[in-house]
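Colleague: I would like to go through this model before planning my next reading of it. Could you take my questions in turn?

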Amino acid sequence: MSEAERIGLYGGTFNPPHMGHERLAKACLEALELDRLLLIPTAQPPHKQLPPGSAQGVQRAEMARLMARRIPKAQVCGLELERSGPSYTRDTVDRLRQIYPEAEFWLIMGADMFLSFHKWREPEQIAKQCRLAVAARLPDSRRQLERQAEFLRQELGVCSRIVDCPVTVLSSTQVRSHIPRGRWKGELAPEVAQYIQRQGLYQADPLEPLRREAKARMSEKRYRHTLGVAETAARLAERFGEDVYQAQTAALLHDLTKALDYEEQLKLCGQYGIITDYGENGKALLHADTAAALARREFGVSEEAAQAIAYHTTGAPGMTQLDKIVYLADCIEPGREYPGVDKLRRLCKKDLDQAMIFSLRQSIEHIQSKGGRPYWRTQRALEDFLAKKETGS
């Protein structure tokens with residue numbers, strides 16, 4: 001009896017496919033001794049919207065085909081592009097099982113997706129059909145992945161393998177931002193770069209108008225800080241599966257009104273019907289509310305992004321993933337230097353809730369050391385995170 005064909009399933013938006021994708025695919029092909037590797041472009045990710053200016057599905061599939069030519073035994077599978085609605089892995093695996101009934105499937109993913117696998121749609125059903133392969137790029141990430149692998153084994157019966165893939169970490173968001181400036185060298189295969197140029201893809205940066213607006217309203221120092229927050233928010237969003245475009249949007253606008261004096265802030269409060277209870281903290285905190293109002297009314301940002309802007313100084317109970325990312329990005333952007341920032345940066349790589357607890361405690365202790373009174377929402381935010389930690393929710 002012949003052995004079952006070992007097939008790797010590597011899904012993603014491939015928007016565009018870059019050298020990080022290619023290197024991971026080759027590492028898994030070798031480590032797992034695959035007979036076939038299917039690159040599966042996603043039609044619509046279930047956890048986020050494709051950002052403005054994205055390539056169409058047929059274009060992403062063609063770029064994936066160009067990348068597949070560089071990878072032995074690789075081919076593109078268009079199943080998800082043929083379906084309407086969000087692309088759920090469970091549905092794709094069920095259909096592939098019909099096509100390859102005897103195959104041994106290996107579902108290939110990056111660390112962020114592996115760490116959130118238990119939150120996917122019907123992960124236990126996927127685990128019955130597939131083994132999981134995840135890339136470990138750094139020793140620290142390997143230890144975290146090993147803990148997650150054991151958790152998934154015990155909770156869902158997942159069989160997984162960690163594949164060493166020591167390559168430069170790239171994100172499609174980062175690559176897209178480099179293309180209009182011609183800075184993609186080393187990030188894209190030449191065939192893919194040529195296709196992008198012929199098709200005129202990714203030439204307009206949807207965030208450029210927001211950058212211009214931020215620059216016009218800020219000092220040079222504040223603008224550098226803002227760019228650092230946007231870059232950090234994008235990295236955190238990629239790591240934790242959040243909408244990168246929304247994170248960058250909120251980050252670019254979070255300090256939009258900080259240069260205004262207190263009287264001008266109060267005028268905006270009257271104009272937009274903002275009611276606050278900041279008291280003695282008003283001068284330091286009010287810009288978050290006024291920036292959120294401007295972002296919502298003048299720039300049409302989503303309600304989720306506007307809320308993240310509003311909470312970026314105080315935090316709040318019940319913060320969303322996006323809220324946490326913008327708050328923490330403001331705390332750890334590369335220009336920040338203060339006692340504890342390095343520890344906070346390490347926490348942000350592992351667990352956003354633990355990072356929030358550390359940061360909120362620091363903020364409260366700093367205000368109290370100066371004889372001030374922490375804003376009630378900051379205190380409530382800390383209590384909320386501590387309660388979740390205690391209950392494990």
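Modeller: I begin with V175, whose place is in helix α8 (residues 172-178); helices (H or I, at least four residues) and strands (E, at least two) are DSSP runs, numbered from the N terminus. The model is a predicted one, in which local features need pLDDT of at least 70, side-chain atom pairs count only at pLDDT 80 or more, and totals for chains, interfaces and linings use all residues. Residues are numbered from 1 along each chain as its sequence is written, and side-chain values use heavy atoms, with hydrogens and water left out.

Colleague: Is V175 buried or exposed?

Modeller: V175 counts as buried because its relative accessible area is 0%. Buried means under 20% relative accessible area, exposed means over 50%, and partly exposed is in between (1.4 Å probe, protein chains only).

Colleague: What is V175 in contact with, leaving aside its neighbours within four places in sequence?

Modeller: With those neighbours left aside, V175 is in contact with P16, H18, E187 and L188. Contact means heavy atoms within 4.5 Å.

Colleague: Where does P16 lie?

Modeller: P16 is in the loop between β1 (6-12) and α1. A cis peptide bond joins N15 to P16, with omega at about 0 degrees.

Colleague: And α1 itself, how far apart are its end C-alpha atoms?

Modeller: The end C-alpha atoms of helix α1 (residues 19-31) are 18 Å apart, which agrees with the 18 Å that its 13 residues should span at 1.5 Å a residue. The expected span is 1.5 Å times one less than the number of residues.

Colleague: Which residues in α1 are buried?

Modeller: In α1, the buried residues are M19, G20, H21, E22, L24, A25, A27, C28 and L29. As a general point, an α-helix has 3.6 residues a turn, so residues three or four places apart point the same way.

Colleague: What follows α1?

Modeller: E33 follows α1, and its phi is positive, near 55 degrees.

Colleague: Where else should I look for a positive phi?

Modeller: K73 is not a glycine, yet its phi is positive at about 65 degrees; K73 lies in the loop between α2 (57-68) and β3 (74-76). Y202, also a residue other than glycine, has a positive phi near 60 degrees. Y202 is in the loop between α9 (190-199) and α10 (208-217), and it counts as buried because its relative accessibility is 6%.

Colleague: Changing topic: what does V244 touch?

Modeller: Leaving aside neighbours within four places in sequence, V244 is in contact with T173, A234, A237 and E238. V244 belongs to helix α12 (residues 244-253) and is buried, with a relative accessible area of 6%.

Colleague: E238 interests me. What about D112, which touches E238?

Modeller: D112 touches E238, R239 and F240, not counting residues up to four places away in sequence. D112 is found in helix α5 (residues 111-115) and counts as partly exposed, at 21% relative accessibility.

Colleague: Is the lysine K324 buried or exposed?

Modeller: K324 is buried, since its relative accessible area is 9%. This residue lies in helix α16 (residues 321-332). Not counting residues up to four places away in sequence, K324 touches M319, L352, D353, M356 and F385.

Colleague: How far is D353 from V175, where we began?

Modeller: V175 and D353 are 29 Å apart in space, C-alpha to C-alpha, and 178 residues apart in sequence.

Colleague: And Q271, buried or exposed?

Modeller: Q271 is exposed, with a relative accessible area of 55%; it lies in helix α13 (residues 262-272). Q271 and T290 are 9.8 Å apart, C-alpha to C-alpha, with 19 residues of separation in sequence.

Colleague: Lastly, the whole chain. How many helices and strands does it have?

Modeller: The protein chain has 19 helices and 6 strands. Of its 393 residues, 49% count as buried.
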